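Please keep the structure open as you read, and look up each residue as it comes up.

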Amino acid sequence: MSASEPIHTAPTEQPSELILDSHAEASVFDANTFLKTVPHKPGVYRMLSAEGTILYIGKAKDLRNRVSSYFRSNPASARIRAMVKQIQAIQITLTNTEAEALLLESNLIKEHKPHYNILLKDGKGYPYIHISTHQTYPKIEFYRGARKEAGQYFGPYPSVGAVRHTLNLMKKLFKVRQCEDSYFKNRSRPCLEYQIKRCTAPCVGLVADSDYKLQVQQAIQFLQGRTHEVIDDLVQRMEQAALQLHFEQAAEYRDLIENLRHISQQQYISSGNSNVDVIALAQQASVVCVQVFMIRNGNNLGNHNFFPALPDPESSATYIMSSFLAQYYLNHEVPPEIIVSQLPEDQDVLEDMLALKQQRRIAISRPQRGERTKWLELAQKNAQHALQTKLSSQAGMQQRLSELQQALQLSALPLRMECFDISHTQGEATVASCVVFDQEGARKSDYRRYNIEGIQAGDDYAAMAQALTRRFRPSTRDEGKLPSLLLIDGGKGQVTQALNVLQALQVQGVEVVGVAKGEGRKAGLETLIIENGQGRLNLPEHSGALHLIQQIRDEAHRFAITGHRAKRQKARTQSVLETISGLGPKRRQQLLKHFGGIRAVERASVEELAKVPSISRDLAQKIYDIFNGE
């Protein structure tokens with residue numbers, strides 16, 4: 001069964017059973033509302049008709065820019081205009097890189113054969129790199145078309161330019177021949193490639209068979225993503241050149257190291273011959289999204305979202321996973337391996353039940369390391385995005401706004417909501433954030449940050465008062481954009497500061513509500529400070545009003561932390577690397593040598609950081625988070 005086909009499960013009378021719903025509420029497709037939920041990240045998009053038929057599958061380096069291009073103006077092509085008129089829904093799948101998106105797009109097109117892909121594609125195959133390992137002296141070459149020739153293939157690559165760039169780099173690094181066989185067999189003396197040190201001239205026997213075989217082996221390891229060995233060698237060359245005062249050559253090695261890191265991104269969309277389902281769960285109070293990725297014969301066949309209706313708002317993640325697996329595999333193929341984000345409560349029983357159905361052993365696991373963790377991370381990322389998209393949907397937003405009005409006993413729907421939060425590290429680099437939500441969700445164009453100055457370090461009350469004063473003072477206040485609801489991340493003290501500022505500035509018509517963290521800072525236990533700071537309100541965990549408040553508060557917290565970290569990094573004279581616990585002088589030195597400089601470290605992914613000797617994955621994640629504001 002295809003990964004994009006929905007489940008149709010009849011409602012059950014048993015209250016303990018989940019009801020699987022693979023669709024959000026049916027509605028006319030609103031392109032403007034949908035585009036606000038699409039991130040500026042690489043991935044694949046699927047355009048669906050009213051019947052759920054896939055019209056077109058595409059990939060993009062920037063999903064929002066690419067998808068929105070279909071709706072910005074009247075397309076020149078009549079075929080595209082006809083396709084856009086039929087769109088009733090768009091599904092997206094996030095990937096780590098554009099190369100992964102390209103490979104997933106290729107797999108999905110091959111699986112579903114969408115009508116408009118057949119019309120719009122130019123018919124050319126994707127570019128690959130081919131190594132003729134069956135020959136005595138293998139060659140490396142650009143390749144496009146049916147992969148019928150013997151040897152090893154690597155790719156597909158995002159563009160022909162990417163392949164050419166990689167081939168040029170490999171000439172410098174490994175010196176494996178790239179000439180045609182007819183040219184190679186008829187040489188009597190070395191060609192220009194040998195003279196400029198881009199080939200070791202196996203055509204005239206100037207390299208030993210064993211040495212050439214090693215060159216080819218290193219090239220294959222590089223293309224397989226095992227670049228750490230190559231980079232270690234380049235680091236040694238760079239150090240040697242620097243010691244000999246050959247700084248230009250050292251700079252060339254540094255640039256090569258960065259280029260290697262850039263083009264050696266591993267593609268987790270395809271690997272080996274694995275048959276695996278990857279299932280990830282994202283939950284915010286009583287709203288749950290389950291993401292299912294299907295990997296067959298090593299190829300990712302796509303993903304699908306499910307939104308289970310919970311019988312009990314306090315259902316645990318392990319219970320939800322257990323119930324989902326039991327229902328989902330009643331009508332679906334069961335692969336030999338199922339990777340999950342949470343192990344089910346009755347794992348042994350489920351494995352026995354699935355093994356009985358398939359007449360073979362079934363393994364359910366939650367990997368802690370290796371390639372399978374990358375698959376799981378990708379599924380979790382997509383589950384979280386799908387959950388946020390559902391929460392931000394127009395119909396869902398209206399429902400939660402209505403519940404919020406009723407819970408706070410407001411006279412009208414809160415059409416504009418602002419939330420303030422303070423972030424600092426022991427008083428250093430204090431930043432206040434203001435995020436804005438309206439009936440369509442987050443209004444990021446109205447977000448603001450305030451650098452807090454002139455207060456005692458760590459005084460959150462003074463920081464909140466300063467931020468609110470700057471927001472609501474007459475010189476900066478736009479009377480048409482006053483919030484009807486002002487949320488303050490904090491307790492009674494912070495609410496008192498807000499009320500005092502509004503009173504001093506004669507601001508009227510703004511309802512102030514504090515959001516105090518619950519016991520253990522656990523989501524769902526928040527206390528709302530209402531009635532001018534004199535009353536308290538605890539909403540049930542399944543309340544849509546509470547979900548909306550949590551979403552706005554969490555966004556304000558994220559926006560404040562990102563600004564604080566950027567300010568702190570800019571203000572410190574010492575290297576950011578020196579602030580990371582577990583990263584001592586030797587590891588810092590190894591890190592900088594491996595990447596050739598701090599800027600390359602900032603741009604590195606977790607996987608590339610973890611390739612550095614002595615840098616564990618946990619430490620790599622910590623380094624990545626510091627530079628990326630997570």
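Helix α14 takes in residues 371-391. Its 21 residues reach 31 Å from the first C-alpha to the last, close to the 30 Å expected at 1.5 Å a residue. That expected span is 1.5 Å times one less than the number of residues in the helix. Helices here are DSSP runs of H or I with at least four residues, strands are runs of E with at least two, and both are numbered from the N terminus. Buried residues of α14 include W375, L376, N382, H385 and L391. Buried means under 20% relative accessible area, exposed means over 50%, and partly exposed lies in between (1.4 Å probe, protein chains only).

Before going further, please note that this is a predicted model, in which local features need pLDDT of at least 70 and side-chain atom pairs count only at pLDDT 80 or more, while totals for chains, interfaces and linings use all residues. Residues are numbered from 1 along each chain as its sequence is written, and side-chain values use heavy atoms, with hydrogens and water left out.

How confident is the predictor? pLDDT is its confidence in each residue, from 0 to 100. The chain averages a pLDDT of 80, and 83% of the residues score at least 70.

Another helix to look at is α12, residues 317-328. Its 12 residues should span 16 Å at 1.5 Å a residue, and its end C-alpha atoms are 16 Å apart, which agrees. This helix is mostly covered, with nine of its 12 residues buried. Among them are Y319, F324 and Y328.

Y328 also belongs to an aromatic cluster, in which ring pairs link F306, F324, Y328 and Y329. Rings of Phe, Tyr and Trp (its six-membered ring) pair if their centres lie within 6.5 Å; planes under 30 degrees apart count as stacked, over 60 as edge-to-face and the rest as tilted. The structure holds 12 aromatic pairs, and two of them are set out here.

| Pair | Centre distance | Plane angle | Type |
|---|---|---|---|
| Y137 and Y212 | 5.5 Å | 70 degrees | edge-to-face |
| Y328 and Y329 | 4.9 Å | 85 degrees | edge-to-face |

Y137 is buried, with a relative accessible area of 19%, and Y212 is buried at 1%. In the other pair, Y328 is buried at 4% and Y329 is buried at 1%.

Now for the nonpolar interior. In soluble globular proteins, nonpolar side chains tend to be buried together. A nonpolar core is here a set of buried Ala, Val, Leu, Ile, Met, Phe, Trp, Tyr and Cys residues joined through side-chain atoms within 4.5 Å. Which residues of the largest nonpolar core touch the most other members? Of its 28 residues, they are I131, I140, M170, F174 and L223. Elements that give two or more residues to this core are β4 (128-131), α6 (160-174), α9 (209-223), α10 (228-243) and α11 (247-263). F174 touches Q215, Q218, A219, F222 and V230, not counting residues up to four places away in sequence; contact means heavy atoms within 4.5 Å.

K175 is found in the loop between α6 and α7 (181-185). Its phi is near 60 degrees, a positive value in a residue other than glycine, and K175 is partly exposed, with a relative accessible area of 23%. L245, in the loop between α10 and α11, has a positive phi of about 65 degrees although it is not a glycine. At 59% relative accessibility, L245 counts as exposed.

What about the cysteines? With a disulfide taken as a pair of cysteine sulfur atoms within 2.5 Å, the count comes to zero. For C199, the nearest cysteine sulfur is that of C191, 5.9 Å away; C199 counts as buried at 11% relative accessibility. For C419, the nearest cysteine sulfur is that of C434, 8.2 Å away, and C419 is buried with a relative accessible area of 0%.

Last, a loop residue: S49 lies between β1 (43-48) and β2 (54-60). Is S49 buried or exposed? At 8% relative accessibility, S49 counts as buried. It touches L55, Q86 and Q88, not counting residues up to four places away in sequence.

Conventions: pLDDT = per-residue confidence, 0-100.
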